Amino acid sequence: MVDNFDAICSKLKEEKYKITPQREIIINILLDNLNKHLSAEEIYDIAKGINPDLGMTTIYRTLDLLVELGVLQKLEFGDGRTRYELQDEDMHHHHHLICLKCGKVEEFEMDLLEALEQKILEKKGFEVMDHKLKFYGTCSECR
Ligand SMILES: [Zn+2]
Ligand SMILES: [Zn+2]
Ligand SMILES: [Zn+2]
């Protein structure tokens with residue numbers, strides 16, 4: 001589980017990366033916005049409010065580093081923006097609902113694909129470890 005500050009810091013330290021104040025700010029923004037699927041630009045906007053010296057390059061570099069370390073996952077929802085989500089154990093079990101009108105991304109917390117996964121195992125001998133499912137449609141507010 002890497003959804004808490006200490007777990008993320010120990011990942012960095014394992015790979016001999018320092019916990020710089022900039023990295024700390026970015027990690028805290030990610031932790032404060034769990035399930036919000038922030039883009040780099042949105043993270044930048046929040047970070048600027050905390051430390052105006054934090055540049056876009058630092059944001060991108062830190063996000064790339066966290067992705068490389070397996071702490072963070074990059075998500076594409078087809079709107080041309082890369083979004084980020086902290087990895088967690090339950091990642092397997094949530095699906096994304098993307099509103100085509102307002103662009104909001106919600107999570108659906110249940111997997112419900114167990115029967116399909118079982119069929120895949122039976123028919124193909126393939127064990128499903130994960131899947132990324134995106135549903136495109138209209139959210140409750142836009143309907
Ligand atoms: Zn998500
Ligand atoms: Zn909507
Ligand atoms: Zn599943």
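Along the chain, the residues that donate to the zinc ion (ligand 2) follow the spacing C-x2-C-x36-C-x2-C, where donors are N, O and S atoms within 2.8 Å of the metal (3.2 Å for Na, K and Ca), and water is not among the atoms, so sites may look incomplete. This pattern links distant parts of the chain, with C99 in strand β3 (residues 95-99) and C139 in the segment after β5 (134-137), 40 residues apart; helices (H or I, at least four residues) and strands (E, at least two) are DSSP runs numbered from the N terminus. The model is predicted, so that local features need pLDDT of at least 70 and side-chain atom pairs count only at pLDDT 80 or more, while totals for chains, interfaces and linings use all residues. Residues are numbered from 1 along each chain as its sequence is written, chains are lettered from A and ligands numbered from 1 in the order in which they are written, and side-chain values use heavy atoms, with hydrogens and water left out.

The protein donors of the zinc ion (ligand 2) are the SG atoms of C99, C102, C139 and C142, which lie 2.3 Å from the ion. The angles among these 4 donor atoms run from 103 to 118°, and the site is tetrahedral, a label given to four donors if all angles lie between 85 and 135 degrees. C99 counts as buried because its relative accessibility is 4%, and C139 counts as buried at 5%, where buried means under 20% relative accessible area, exposed over 50% and partly exposed in between (1.4 Å probe, protein chains only).

Since H94 lies in the loop between β2 (82-86) and β3, and E107 in strand β4 (residues 105-108), the pair ties together parts that are 13 residues apart in sequence. H94, at 7% relative accessibility, counts as buried, and E107 counts as buried at 17%.

Turning to the helices, the axes of α3 (residues 40-50) and α4 (residues 56-68) come within 10 Å and cross at roughly 120°. The contact, meaning heavy atoms within 4.5 Å, is made by A40, E41, I43, Y44 and A47 of α3 and by M56, I59, Y60 and L63 of α4.

Elsewhere, K13 lies in helix α1 (residues 5-14) and, at 54% relative accessibility, counts as exposed. The C-alpha atoms of K13 and E42 are separated by 26 Å, although these residues are 29 apart along the chain.

Notes. Tetrahedral: all angles 85-135°; square planar, octahedral: opposite > 155°, others 65-115°. Axes fitted to C-alpha atoms, helices over the stretch in contact; angles between N-to-C directions.
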